[in-house]
Amino acid sequence: MTEADPLVFVVDDDASIRCAFARLIRSAGHPVKTFGSAREFLAEADPGACPACLVLDVQLPDIDGLQLQRQLGTTLPIIFITGHGDIAMTVHAMKAGATDFLAKPVRDTDLLQAIDHALDCARRIHASRCEQATLRQRFDRLTPREREVMALVVVGRLNKQVAGELGTTEKTIKAHRARVMSKMEVTSLAQLVHIADKANIFPSAGNQSTR
């Protein structure tokens, strides 16, 4: 398995179910890692290392599946498996971002279909996370003054306005702006605004209208 290969995590306290799921998932060509509890998963798994999804039993001996989902947030697509589910539980899990909620015993075709859907989501999440990390690395190369200039430029300030707010000359701002564009690897203001928004570099910028 390479770093970019999608991975399926399975968390279930029933060893026979873990083994059965692992065999099925491997037969479909997906690498899989299994865990007997939520705590074991949290201690040993690295869900951000590659595109991944989680096949998760709701009823667990330590932290239950819904609690684990709350801890993970929406960073990992989750397929819930349960023998004791109800409509309220299903609605809660789906509203919190679960991709599927399957009742035991689970048909092989249903589980594999759910996994394919979850991994498609995982690939998009992972690609977005990698892109944001790259953009943040570029931003980290900026000096403090260049960050100040960028923050004003992306909300529509003209060079003259930026110079006035920062107490310097327009010529100096033009030089800073050119270095910002170079370090952020963009060729237009539109691109700079787009990546600032995508990487959430200046969260308040989106609430301000450009001038």
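Arg179 and Glu146 join their side chains in a salt bridge, 3.1 Å from N to O. A salt bridge here is a side-chain nitrogen of Lys or Arg within 4 Å of a carboxyl oxygen of Asp or Glu. The pair links distant parts of the chain: Arg179 sits in helix H8 and Glu146 in helix H6, 33 residues apart. Helices (H or I, at least four residues) and strands (E, at least two) are DSSP runs, numbered from the N terminus.

Glu146 is buried, at 3% relative accessible area. Arg179 is partly exposed, at 37%. Buried means under 20% relative accessible area, exposed over 50%, partly exposed in between (1.4 Å probe, protein chains only).

## Basis of the model

This is a predicted model: local features need pLDDT of at least 70, side-chain atom pairs count only at pLDDT 80 or more, and totals for chains, interfaces and linings use all residues. Residues are numbered from 1 along each chain as its sequence is written, and side-chain values use heavy atoms, with hydrogens and water left out.

## Other salt bridges

The structure holds 11 salt bridges. One of them pairs Arg141 with Glu185 at 3.2 Å, N to O. Arg141 lies in the loop between H5 (108-140) and H6 (144-153), and Glu185 in the loop between H8 (170-183) and H9 (189-198), so the pair ties together parts 44 residues apart in sequence.

Arg145 and Glu148 also form a salt bridge, with the closest N and O atoms 2.7 Å apart. Both lie in H6, three residues apart, about one turn of the helix.

Five of the five residues of strand E4 (residues 78-82) are buried, so E4 is largely enclosed by the rest of the structure. Ile78, Phe80 and Thr82 point one way, Ile79 and Ile81 the other.

E4 pairs in the parallel sense with E3 (residues 52-57) over four bridges. Strands pair if DSSP finds at least two bridges between them. Leu56 stands opposite Phe80. Four bridges also join E4 to E5 (residues 100-103), again parallel. There, Thr82 stands opposite Ala103.

## Nonpolar cores

The largest nonpolar core has 24 residues; Phe9, Phe41, Leu54, Leu56, Leu68 and Phe80 touch the most other members. Such a core is a set of buried Ala, Val, Leu, Ile, Met, Phe, Trp, Tyr and Cys residues joined through side-chain atoms within 4.5 Å. Apart from it lies another core of 23 residues, among them Met150, Ile195, Ala196 and Ile201.
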